[in-house]
Amino acid sequence: MRDNVIIFDHPLIQHKISLIRSKDCGTREFRTVAGEISMLMGYEVMRDLETELVEIETPLEKMKGPMLKGKKLAIVPILRAGLGMVDGMLSLVPSAKVGHVGMYRDEETLEPKEYYCKLPEDISQRLVIIVDPMLATGGSADAAVDFVKKQGAEQIKFVSILAAPEGVERLAQAHPDISIYCGAVDRELNEHGYILPGLGDAGDRIFGTK
């Protein structure tokens, strides 16, 4: 695995991924647990956020304590499945701005097609965390990162709950300057570009559309 790829081995993350893999996991549970996974992953993804000492007054005395430096963070989900990861991330940093990148995969070529993009105006000054539950072929992720870079973003992290080796390799090779975080990396892609053993279509399972 490349140096810019981080695979989580935390037992809570692994346990919760197993929960949503099950075909018996309903929409409500899937959505809730996916949000919990996102929050747990976000805790580590944001480990290197800058802090500064700020004077505060406790009930007993004044002191200087570390607080986040500024509010320069943006969460950017790849629509539509990425929306399922936003609330988990925002629960950690409610002040973060949220952008959106709309991508869909051509069922024949398996290549991404962009249909929407809306980012904070000061995106170049922010750490951008792009989220998508599935990193399959890597096409949508590659295109989304490329597009966000073209809008001026310089600090980018990509976070997925589940990935295929093919997708991880493609994204890491195309963008060696970003950090890629995955909850788990599965065996392979099938001929339709789905991750095996996987968990099915994350968007359908989050929003209950099949």
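## Reading a predicted model, feature by feature

A: Let's start with a helix pair in this predicted model. Helix 1 (residues 11-21) packs against helix 2 (residues 27-45) at an angle of about 160°, and their axes are 10 Å apart.

Q: How should I read those values, and are helix 1 and helix 2 roughly parallel or roughly antiparallel?

A: Two packed helices are described by the angle between their axes and the distance between the axes. Angles over 145 degrees count as roughly antiparallel, so helix 1 is roughly antiparallel to helix 2. The crossing of helix 1 and helix 2 is left-handed.

Q: Which residues make the contact between helix 1 and helix 2?

A: Helix 1 contributes Leu12, Ile13, Lys16, Ile17 and Ile20, while helix 2 brings Phe30, Val33, Ala34, Glu36, Ile37, Leu40 and Met41. Sorted by class, this contact of helix 1 with helix 2 has 10 nonpolar residues, two charged residues and no polar ones.

Q: Next, aromatic rings. How many aromatic pairs does the structure hold?

A: For a ring pair, look at the distance between centres and the angle between planes; planes under 30 degrees apart count as stacked. The structure holds one aromatic pair. Phe8 and Tyr181 form that pair, at 6.0 Å centre to centre with 20° between the planes, and it is stacked.

Q: Where do Phe8 and Tyr181 lie?

A: Phe8 is in the loop between strand 1 (5-7) and helix 1, and Tyr181 is in strand 11 (residues 179-185), so the pair ties together parts that are 173 residues apart in sequence.

Q: Is Phe8 buried or exposed?

A: Under 20% relative accessible area counts as buried. Phe8, at 9% relative accessibility, is therefore buried. Tyr181 counts as buried too, at 9% relative accessibility.

Q: What about the backbone: which residues does a cis peptide bond join?

A: Most peptide bonds are trans. Here, Leu79 and Arg80 are joined by a cis peptide bond with omega about 0°, and Arg80 is found in the loop between strand 4 (73-79) and helix 3 (83-90). The bond from Leu196 to Pro197 is also cis, with omega near 0°. Pro197 has its place in the loop between strand 13 (195-196) and helix 6 (202-207).

Q: Let me try a single residue. Which residues does Glu114 touch?

A: Leaving out residues up to four places away in sequence, Glu114 touches Gly102, Met103 and Phe147. Glu114 sits in strand 7 (residues 112-118) and is partly exposed, with a relative accessible area of 41%. The C-alpha atoms of Glu114 and Phe207 are separated by 21 Å, and these residues are 93 residues apart along the chain.

Note on methods: Residues are numbered from 1 along each chain as its sequence is written. This is a predicted model: local features need pLDDT of at least 70, side-chain atom pairs count only at pLDDT 80 or more; totals for chains, interfaces and linings use all residues. Side-chain values use heavy atoms; hydrogens and water are left out. Axes are lines fitted to C-alpha atoms, for helices over the stretch in contact, and angles run from 0 to 180 degrees between N-to-C directions. Helices (H or I, at least four residues) and strands (E, at least two) are DSSP runs, numbered from the N terminus. Angles under 35 degrees count as roughly parallel, over 145 as roughly antiparallel, 65 to 115 as roughly perpendicular and the rest as oblique. A crossing is left-handed if the near helix is turned anticlockwise from the far one by less than a right angle, and right-handed if clockwise. Contact means heavy atoms within 4.5 Å. Ala, Val, Leu, Ile, Met, Phe, Trp, Tyr, Cys and Pro count as nonpolar, Asp, Glu, Lys and Arg as charged, and the others, Gly among them, as polar. Rings of Phe, Tyr and Trp (its six-membered ring) pair if their centres lie within 6.5 Å; planes under 30 degrees apart count as stacked, over 60 as edge-to-face and the rest as tilted. Buried means under 20% relative accessible area, exposed over 50%, partly exposed in between (1.4 Å probe, protein chains only).
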